[in-house]
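Student: I am new to this structure. Please take me through its aromatic rings, one step at a time.

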Amino acid sequence: MTTRRSRRRAASAKKRRARRIAIGTAVVALIAGFNGPALYGFASKQYHEYEINRPEYKAEKGHWQIVDIPEKYRINTIHAALLHTGKVLLVAGSGNDAKNFKAKSFRTVLWDPAKNTFKNIPTPNDLFCSGHNQLPDGKLLVAGGTQRYETLQGDVKKAGGLMFVYNENPDRSKMIKKGTRFTGRRTGKTFVAQRSVNLPPAKKVKDPETGEVATVHSVTRLYAEAAEEGREHQTGTEDKYTVSGLGGAWKHDVYGIAQKMSFDKKDFQGIKDAYEFDPVAERYITVDPMHEARWYPTQLTLQDGRVMSVSGLDDIGQVVPGKNEIYNPKTKKWHYMPETRFFPTYPGLHLIGENRVFYSGTTAGYGPADKGRTPGIWNLETNKFTKIPGMSDPDVLETAMSVPLPPTQSRKFIVEGGGGVGESDKTTDKTRIVDLSSDTPRFRDGPRLYDKVRYPSSVILPNDTVLTTNGSGRYRGKSDSNVLKAALYDPRTNKFKEAAAPLVGRNYHSGGLLLPDGRVMTFGSDSLYADKANTKPGEFDQRIEIYTPPYLHKGKPQPQLRLAEGNPEKLMPGSRLSLKSKDAASLKRLRLVRPGSFTHVTNVEQSSVALKMKRSADGTVTTTIPDDPSLVTPGWWMVFGVDGDGVPSKAQWVHVGIDPDAAHAPITTGDPK
C-alpha cells in the first residue's frame, strides 16, 4: 500500500531528477547554440566542470584537484617519498635543468599534505636521478645523483674520454684532485681530471711456487676533458700520460693511460655520495659514500634492514657492470656483493622471500637492448637467476610499471604498459600478470590498459584496488601524446574500471603516492616538446594533483581507528597489535601499507599486506604482524581499517623492528668476482 509520505518522497526525487536533467539540457543547449570553436570549447569546458563535480560522478569515478603551491616552493619534483611524519619529501636536485646544475642550485621541499604547508630544505648535492628507499628507523636513504649532464653529439665542445690512472707505489695511496692535468707523452695534448679520485696503493703478490714477490699496480678510472675547446685537441690512439703536480718517485709511480679522446656523445655521470634524510630533524645527514658512482640506481630494503643498490650510470657515464652493493644502516657503510649481476638502469626489483628478489623486466632508460632485460627470480645468496617465461611484448618493458597486487601475500604482480628501448616509438597497452606462488610461474596477459602508454603511475589503495594514471603515447610526451586517463584495477575481478580523468598530463619524471588519509598525490612531468610538431621546447610541470578515490565520496565519514594503549613502541614480526574503533563492527579488513618512495616509474617497496583481525564488543581490534620479515620489512608502516563499503580509515603509523633471525640472513659481502 502506497503511503502519503512515500508519495511525497517519490515526487521530491522526481523533481530533483528533473532539475538535474534541466541543468544538463540547458548546458547542452547552450553549447549547441554557440557558433564558434572558441565558444564551443568554453561551453564544453563548463559542462565538463559541471559533470565531474556531480556527487554521483565522484562516487563512481573519484575526483582530481590541483594543489595550491606558493611560488617559492615550486620545484621540478623528480623524486617523492612519504615519511612517517605524514609529510612528503619532494626532491628535484638540479631538476633536469643544466642551468641549475651549473649554478649548483639544488632543491628539496618538504610538503605537509594535511595542512598544505611547505618548507625548503637545504640540499647538499645534486640528487637528481638518485636512488632512495625507506630505512628501518624511518629515515630515507638517498644515494647517487648527478656529477655531469649529458652532451649530445654535435654539442660537445671539448674532446674527452676515460683515463685509467695507475699507482705502482705499494706503500701509499695518492689523491688526484679535480683539475689535475694529464699530458700525453706521444701527442703532447693535455686533458683535465673532472673529479677527484684516491688511488689505492699497489699490491704485493707472492708467487706460491717460487716465493718471489711482485708488485701489481692499482688502477682507478676517471673522466678527463681537453683543457681547451676545438677538434684539434682530440686523439685517435692510445697514449701514456704524465700527471702534473707530482714530485720525486711519484712522477714514475703514477701515470695515466687513455684510448682515443673524442667528441662522442657524453652521457650523464653519477656520484658516489649518500645521505640519510631525517624526517624529525628535517635535514640531510651525510653517510659513507658508495663504492660505485650511480645515476639511475634502484635501492631495495632487504629483510634484515640492509639496503641493496643496483645498476646506474657510473662516474664515466657507463652502466655499472653488475657491481652491486649493500648498505648497512647500523654502520652507515657500503660493501660490495661478492658476485656480479647486471641490470639496466632503474630495474624493477621486488623482495619476495628471504634473499629472493623478483625482477619484473621493467627499466627506465639506459643499458643495452639485449642484456639484463629478461624477467626472473634472483637468489641473492647463490646469485642464481631463474627466468620467468610468458612475457608478451618483451621489447617494450622500458618505462613500464610493475606493482605487487594486493594483498601482497598473494605474490602476484602486474606489469603495465611500457615502451621500446631508448626513444623508440613502440608502446603498448598490455598488462601482464604473474603468480609467483606457483611452482612454475609464468606471465599471462591481463586486461588492456586505458591506452598505449609509457610512464604510467600505479598506486595501491587500502581497499585492495590499484589506481593507474597518466603516461604518454610516445617518448617524453613527444607530439603532444600525454594521456589524460586513469583506471582502477580490481585483482579479484581482473578488470579495470574507468576513473576520473586527471587534470594534468604526466610523462617522464612523474609519479604518485598514497597519502595517510587515503587520497593519492601525483607529481612531475618533463615533456621534451610542448607542441604536436615537436618544435617548441617543453617545460617541467611543477603542479601537484590530488586524487580523491570514489570510496571517499560515499556520503559517509571514514571509519575511526586509533592505536590502543599498551602497544610496544616498536613491533616485531609476530607481535600483537591492538587498535580501538567505535566503528569496529563495520570493519571488514585491516591493511598494513608501506609508505611509497617513487621515481622514474619505480616504487619497488610499495606493498599492502593483509592483517587478520579480531573484534571485541568494547571496540578493540586486535591483529598480529606477519612473522615473515621479507613480507613486512623493518621500518614504518601505515595501518588502515576498511569497512564493508570499501571506505578506509585514516592511517595509523606503526614501527616494525628487525627480526633477530633475519639479522643473520646469509647475504655475504666482499670484492665482486
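Tutor: What follows is a close look at the aromatic rings and their partners.

Start with confidence. This is a predicted model. The chain has a mean pLDDT of 92, and 92% of its residues reach 70 or more. Residues 20-34 are a stretch to read with that score in mind: pLDDT stays under 50 there.

Now the rings. The whole structure holds 26 aromatic pairs. One of them joins W295 and Y296. Their centres are 4.2 Å apart, with 15° between the planes. That angle is under 30 degrees, so the pair counts as stacked. Both W295 and Y296 are buried.

Next, look at F358 and F443. Their centres lie 6.3 Å apart, and the planes make an angle of 35°. This pair is tilted. F358 belongs to strand 27, residues 356-359. F443 is in the loop between strand 32 (431-435) and strand 33 (444-445). The pair therefore ties together parts that are 85 residues apart in sequence. F358 is buried, at a relative accessible area of 0%. F443 is buried as well, at 2%.

Go back to W295 and Y296. They belong to one aromatic cluster, together with F101, F128, Y149, F268, Y346 and Y366. Find these residues in the structure and view them as a group.

Last, rings with a charge over them. R148 places its charged end over the ring of Y223, 4.4 Å from the ring's centre. K240 lies over the face of Y255, and here the distance to the ring centre is 4.2 Å.

Key: Residues are numbered from 1 along each chain as its sequence is written. This is a predicted model: local features need pLDDT of at least 70, side-chain atom pairs count only at pLDDT 80 or more; totals for chains, interfaces and linings use all residues. Side-chain values use heavy atoms; hydrogens and water are left out. pLDDT is the predictor's confidence in each residue, from 0 to 100. Contact means heavy atoms within 4.5 Å. Rings of Phe, Tyr and Trp (its six-membered ring) pair if their centres lie within 6.5 Å; planes under 30 degrees apart count as stacked, over 60 as edge-to-face and the rest as tilted. Buried means under 20% relative accessible area, exposed over 50%, partly exposed in between (1.4 Å probe, protein chains only). Helices (H or I, at least four residues) and strands (E, at least two) are DSSP runs, numbered from the N terminus. A charge sits over a ring if NZ of Lys or CZ of Arg is within 6 Å of the ring centre and within 35 degrees of the ring normal.
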